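Here is a short tour for anyone meeting this structure for the first time. Please keep the sequence and the 3D view at hand as you read.

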Amino acid sequence: MAKQPMLKFVNIERDMPSKRDANLRNKDFNEIYAEYADAKAKEQASRCSQCGVPYCQAHCPLHNNIPDWLRMTAMGRLEEAYAISQATNTFPEICGRICPQDRLCEGNCVIEQSGHGTVTIGSVEKYITDTAWENGWVKPISVMAERDQSVGVIGAGPGGLAAADMLRRAGLQVTVYDRYDRAGGLLTYGIPGFKLEKDVVMRRIDQLEQSGVEFVMNCNVGEDLSFDAIRGKHDAVVIATGVYKTRDLEGPGADADGIVRAIDYLTVSNKLSFGDEVPEYEDGSLNAKGKKVVVIGGGDTAMDCVRTAIRQGAESVKCLYRRDRANMPGSQREVQNAEEEGVIFEWLAAPKGFAGDPVNAVQVQKMRLGAPDASGRQSPEVIEGADYNEAADLVIKALGFEPEDLPKLWGVDGLEVTRWGTVKAEFKTGKTSLDGVFAVGDIVRGASLVVWAIKDGRDCADAVLTYLNEARAVAAE
Ligand SMILES: Cc1cc2nc3c(=O)[nH]c(=O)nc-3n(C[C@H](O)[C@H](O)[C@H](O)COP(=O)(O)OP(=O)(O)OC[C@H]3O[C@@H](n4cnc5c(N)ncnc54)[C@H](O)[C@@H]3O)c2cc1C
Ligand code: SF4
């Protein structure tokens, strides 16, 4: 085995410049911070034991070469670290910020497993790519040879954008269609800015635009433009529309005013961060300020809602979830963040109905965990006689998302879907039942993660290229 270079161990306490030191060296805060971030990244990177059994890499959906870019970072060779990191990931600075690392790379770090605390892989990944942007190492996409074939991508979320990026690099003419006014999908209008700053997303969109990717915004496919028209215009089509149908609440009063969908609430909050005028915020209907907010659900969307409500100045924020803390689908790290910010979690609690219109209380029934269901998870059961009322003047439904019925909405008969309504597509290639039509991301997997959408987009781009090359070869015969 090749000899590994010696790593310099960085001690953050020792290497972090002191305030006095900064004053003496006439430095401003940004410089101090940059030095601190650099020392911190190196400190973390140098903690990697280069164990030779990179479970972190195996558990990263993109199989990022984590040990190598950690080693380069520890040695201060950041440009090389960036080159390794971006070779497998279209948006490393985004994944570094918002991947649930505790369930992926970091949760499988051998140092974590041996009880010494994980190497903070995500924050090093973010640091490397942010530094690359600052230093001009992130180059515009350069196309070696233009091709006359074109691809239409429906949906400008991470799945569609990752596919567009790879296809454009291969010289294809790429048009992305999206019903929103800005590209980015849930990166732009779902995930809050305190987790993912919007300029970080927008500079990627700019990069794609500058490289020749065409964006057709405010275009709701199925309404403003038919799927068949897109199919007729392009040599291949990638469907990347995500999942947006909100699972609904049942029970008396569930349609009262003041009971809103998480996606609407978060979209409004994100639009504000762009400086847009948003009537639903101004008129108070999607504004938590001064309100008793109850969020229903235990996933990451619920966590984003509670933390947004805290930032909007809610009087109180409670989260109701029908199972217990150990069985919630959301990241434990996010729950801890929310608790530290003042959110109160009511575990084993489910809504039975709602009082008032506009709503003024949630009727809550207490639950206990019973026998495991078919999936092996313990089913929540109602505890009779333990109901109570929880005061609320804004109730946010965050119970998860389901796919819209695309074949019906778009009037496409041959597009096969699964029994869950997701588009049926080969996992490795994204090929659907229609010739030349591929699908990626949440619309195939159901509500999932950004990193999986990126992986699908990249894999699918390869398959689209193969398809178009074969089509060209047949045409030339
Ligand atoms: C609130 C929230 C927070 C999340 N937080 C995280 C997180 O922290 N980390 C993480 O990894 N994942 C997170 N996720 C999940 C992640 O955002 C998704 O898995 C990911 O965005 C899926 O990417 P996608 O490209 O498949 O779809 P999307 O990002 O949903 O993009 C789909 C795009 O298609 C467009 N579209 C849909 N239908 C049409 C149509 N008919 N015509 C034209 N355009 C259309 C939409 O406008 C949208 O722009 C979160 C999800 C939510 C809802
Ligand atoms: S992409 Fe996500 S899972 Fe992979 S190394 Fe980065 S943070 Fe970890």
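## Two backbone details

Pro358 has its place in the loop between strand S10 (349-355) and strand S11 (361-372). Helices (H or I, at least four residues) and strands (E, at least two) are DSSP runs, numbered from the N terminus. The peptide bond that joins Asp357 and Pro358 is cis, with an omega of about 10°.

Another residue to look up is His63, found in the loop between helix H4 (55-58) and H5. His63 is not a glycine, yet its phi is positive, at about 50°.

## How to read the model

This is a predicted model, in which local features need pLDDT of at least 70 and side-chain atom pairs count only at pLDDT 80 or more, while totals for chains, interfaces and linings use all residues. Residues are numbered from 1 along each chain as its sequence is written, chains are lettered from A and ligands numbered from 1 in the order in which they are written, and side-chain values use heavy atoms, with hydrogens and water left out.

## Around ligand 1

Which residues come nearest to ligand 1? Of the 33 residues around ligand 1, these are Ile98, Asp178, Val221, Tyr244 and Asp442; a residue counts as near if one of its heavy atoms lies within 4 Å. Sorted by class, this shell holds 17 nonpolar, 11 polar and 5 charged residues. Here Ala, Val, Leu, Ile, Met, Phe, Trp, Tyr, Cys and Pro count as nonpolar, Asp, Glu, Lys and Arg as charged, and the others, Gly among them, as polar. Helix H10 (158-169), helix H16 (300-311) and helix H20 (450-476) each give at least two residues to the shell.

From the backbone, an N or O atom of Leu186 lies 3.0 Å from a ligand 1 oxygen atom, and one of Ser448 lies 3.1 Å from a ligand 1 oxygen atom. The protein covers 97% of the 1,000 Å² of accessible area that ligand 1 has on its own (Shrake-Rupley method, 1.4 Å probe).

How many cavities of 30 Å³ or more does a search of the whole structure find? There are 2. On a 1 Å grid over the protein atoms alone, a cavity is a set of points where a 1.4 Å probe fits but cannot get out, and lining residues have an atom within 4 Å of a point. Grid points are joined across faces, edges and corners, and a volume is the space filled by probe spheres set on the points.

The largest cavity has a volume of about 110 Å³, and ligand 2 takes up this space (more than half of its atoms lie within 2 Å of the grid points). Among the 16 lining residues, Cys60, Asn64, Cys99, Cys105 and Glu125 lie nearest the centre. Helix H5 (66-74) and helix H9 (121-134) each supply at least two lining residues, and H9 gives the most, with 3. The shell around ligand 2 divides into 8 nonpolar, 3 polar and 1 charged residues.

## The second largest cavity

The second largest cavity has a volume of about 60 Å³. Its lining includes Glu426, Lys428, Asp456 and Asp459. H20 provides the largest share, 3 residues. By class, this lining has 5 nonpolar, 3 polar and 4 charged residues.

Key
A polar contact is a pair of N or O atoms within 3.5 Å; within protein, one must be able to donate a hydrogen and the other to accept it, and residues adjacent in sequence count only if both atoms are side-chain atoms. On a 1 Å grid over the protein atoms alone, a cavity is a set of points where a 1.4 Å probe fits but cannot get out, and a pocket is an open set with protein on both sides within 12 Å along at least five of seven lines; lining residues have an atom within 4 Å of a point.
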